[in-house]
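Dear colleague,

I am handing over the structure we spoke about, and below it I have set down what was found in it. Please read the notes with the coordinates open beside them.

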Amino acid sequence: QVQLVESGGGLVQPGGSLRLSCAASGISFRQYAMGWYRQAPGKQRELVADITSGGSTNYAEFVKGRFTISRDNAKNTVYLQMNSLEPEDTAVYYCKASWFSNYWGRGTQVTVSS
């Protein structure tokens, strides 16, 4: 059974930082591309960042220079370090694993507010 479990979300003030984690089980993690997506209320889900099995990264323009995606294949975990958070970053953040099949986690809420 495939499971992707996100953690690390919460309430943070503007300018603050959070580190999201996504722990995967039931898949050959190192063979999967991993991505972070987000969905704000009333908006479509959008790509935040992704990382290939080889470690190449890609970022949405709106997070470049603020967010960093990384993976630890030994821990079957992908991370999203989020710095300089803005109220517009408020959303549910989802983890996705992609190879021949796609799998999604249930999401973790990130709220940026003073």
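**Thr77 and its surroundings**

Leaving aside residues up to four places away in sequence, Thr77 is in contact with Ser21, Cys22, Ala23, Phe29, Ser70, Arg71 and Asp72. Please keep in mind throughout that this is a predicted model. Thr77 belongs to strand S8, and because its relative accessibility is 8%, under the 20% limit, Thr77 counts as buried. The side chain of Thr77 also reaches the backbone oxygen of Lys75, at 2.8 Å.

**Salt bridges**

Side chains of opposite charge can pair when their charged atoms come close. A search of the whole structure for such pairs finds 4 salt bridges, and I describe some of them here.

In one of them, the side chains of Arg38 and Asp89 meet with an N to O distance of 2.9 Å. This pair links distant parts of the chain, since Arg38 sits in strand S4 (residues 33–39) whereas Asp89 sits in the loop between strand S8 (77–82) and strand S9 (91–98), the two residues being 51 residues apart. Both Arg38 and Asp89 are buried.

Asp89 also meets the side chain of Arg66 in a salt bridge, at 2.7 Å from N to O. Are the two partners buried or exposed? Arg66 has a relative accessible area of 12% and is therefore buried, and Asp89, at 1% relative accessibility, counts as buried too. Through salt bridges that share partners, Arg38, Glu46, Arg66 and Asp89 are joined into one network.

A further salt bridge is formed by Lys64 and Glu61, whose closest N and O atoms are 3.3 Å apart. What is the exposure of these two residues? Lys64 has a relative accessibility of 48%, so Lys64 counts as partly exposed, whereas Glu61, at 63%, counts as exposed because that value is over the 50% limit.

Key. Residues numbered from 1 in each chain as written. Predicted model: local features only at pLDDT ≥ 70, side-chain atom pairs only at ≥ 80, totals over all residues. Heavy atoms only, no water. Helix = DSSP H or I, 4+ residues; strand = E, 2+ residues; numbered from the N terminus. Buried < 20%, exposed > 50% of the residue type's maximum accessible area, 1.4 Å probe, protein only. Polar contact = N/O pair within 3.5 Å; in protein donor to acceptor, adjacent residues only side chain to side chain. Contact = heavy atoms within 4.5 Å.
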